Amino acid sequence: MTTAETIAVESAVLAQTYAPLPVVLTEGQGVWVRDVEGREYLDALAGYSALNFGHAHPALVAAAEQQLRRLTLTSRAFHNDRLAGFAQRLSRLCGKDRVLPMNTGAEAVETAIKVARKWAYTRRGVPDGRARIIVAENNFHGRTTTIVGFSSDPAARAGFGPYDGGFDAVPFGDAAALEAAVQPTTTAVLLEPIQGEAGVVLPPPGYLAAVREICDRHGLLLLADEVQSGLGRTGRTFACENDAVVPDVYILGKALGGGVLPVSAVVADTVVLDVLGVGEHGSTFGGNPLACAVGEAVIGLLEPGDLQEHVRALEPVMEEGLARLHELGVLRHRVRGLWAGIDLDPRVASGRRLCEELQHHGVLTKDTHGATLRLAPPLVITDEELMLLLERLESALLALQR
Ligand SMILES: *Cc1c(COP(=O)(O)O)cnc(C)c1O
């Protein structure tokens, strides 16, 4: 099918919950993808950081292929010979005791919420059904009914009530506001260390450390949603590391599946995950051998630390490249590792319009919230490829001036 035919069929048979760019991809290798018309693009979105290691990474493809022929699913009714190794290496990577494997990011967030609530009732003596969790405004934690109930994005939230309740939203980056929201029934703080969907919003320096200190003082669990920020994106295994903060619970997803399949996990110490007993939580696919094989190969790519170092080395290249674009309609930009949010002057173009222009220049990415563009290329991008990405961004912005 051609691009036009594909789009016509999709618009007839798919629920219209997305508005993709008019490009139909068929192959990917590293940072490059190819469409059905044979055109090549640099993938600067990387599946919202699910593709941190690029398309078709040889180690991940090999792990998947080998496991595919041996055993793909057992359910947790039985042991399989891949889960133990995966969990052991993931717990070590996180410096925590235990792993609770799930599939999608939203499921892992839901799992952490359940853990925090059970913790409130069994460890903190909060009256049953009364536990509260502090969240940040402009968060993105997924699309389940509970999670969208504490979203401040009307598109994500409106029309899906009744909402679950039990969440108190405070401005992101304001530690004093967070502390003021602590009540006797508060049990946890759930945060993205850097807000991805909000536009790669970095908190002010010292914020995460202050939140950690507030959690310690009030006996709250700090739940770090590192689904998008984690696993190398910011130049560290976890974004929290940039602030020398260790959360009580890591929520992981996206890149944990290496862009091959959905793999997520909640990782924490025994004292925390012990609140869940047999039969109290689970998932048919969570911890399946195929997911574990790929997940373990992902961990193998992160353990040496050289990929994280590569990301830190490229951060200044990204930073300088974006700083040059301020004459071309960029109002502000934020960079951490290989992750950037770019706020456009809305008089120059909308984020969507720039994405369309970028497509013509051989770069694919996605806007967020109208006038913000994000860049999150695969971490395996070379110096030269990053320069090319920045040059193409400059050309696209120049084209929009005309
Ligand atoms: C993408 C994302 C999620 C949800 O992950 P899904 O796999 O789409 O359910 C949760 N939290 C953050 C921070 C994310 O970026």
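1. An N or O atom in the side chain of lysine 254 lies 2.7 Å from an oxygen atom of the ligand. The protein covers 81% of the 380 Å² of accessible area that the ligand has on its own; such areas come from the Shrake-Rupley method with a 1.4 Å probe, and for residues only the protein chains shown count as cover. The model is a predicted one: local features need pLDDT of at least 70 and side-chain atom pairs pLDDT 80 or more, whereas totals for chains, interfaces and linings use all residues. Residues are numbered from 1 along each chain as its sequence is written, and side-chain values use heavy atoms, with hydrogens and water left out.

2. A polar backbone atom of alanine 106 is 2.8 Å from an oxygen atom of the ligand, and a backbone N or O atom of phenylalanine 140 is 3.5 Å from a ligand nitrogen atom. A polar contact here is a pair of N or O atoms within 3.5 Å; within protein, one must be able to donate a hydrogen and the other to accept it, and residues adjacent in sequence count only if both atoms are side-chain atoms.

3. Which residues are around the ligand? They are Thr104, Gly105, Ala106, Phe140, His141, Gly142, Glu192, Asp225, Val227, Gln228 and Lys254, a residue being near if one of its heavy atoms lies within 4 Å. By class, this shell holds three nonpolar, five polar and three charged residues. Ala, Val, Leu, Ile, Met, Phe, Trp, Tyr, Cys and Pro count as nonpolar, Asp, Glu, Lys and Arg as charged, and the others, Gly among them, as polar.

4. The ligand sits in the largest pocket, meaning that more than half of its atoms lie within 2 Å of the pocket's grid points. On a 1 Å grid over the protein atoms alone, a pocket is an open set with protein on both sides within 12 Å along at least five of seven lines, a cavity is a set of points where a 1.4 Å probe fits but cannot get out, and lining residues have an atom within 4 Å of a point. The volume of the largest pocket is about 1,600 Å³; grid points are joined across faces, edges and corners, and a volume is the space filled by probe spheres set on the points.

5. The lining of the largest pocket comprises 49 residues, and Tyr18, Tyr48, Glu197, Lys366 and Arg374 lie nearest its centre. This lining divides into 22 nonpolar, 16 polar and 11 charged residues.

6. The structure also holds two cavities of 30 Å³ or more. The largest cavity, of about 40 Å³, is lined by Leu191, Glu192, Pro193, Leu208, Leu222, Leu223, Ala224, Cys240 and Val245. Eight of these residues are nonpolar, none is polar and one is charged.

7. The second largest cavity has a volume of about 40 Å³. Its lining consists of Asn139, Phe140, His141, Gly142, Ile147, Val148, Ser151 and Ala156, with four nonpolar, four polar and no charged residues.

8. Two backbone features deserve a mention. The peptide bond from glycine 161 to proline 162 is cis, with omega near 5 degrees. Alanine 56, a residue other than glycine, has a positive phi, near 55 degrees.
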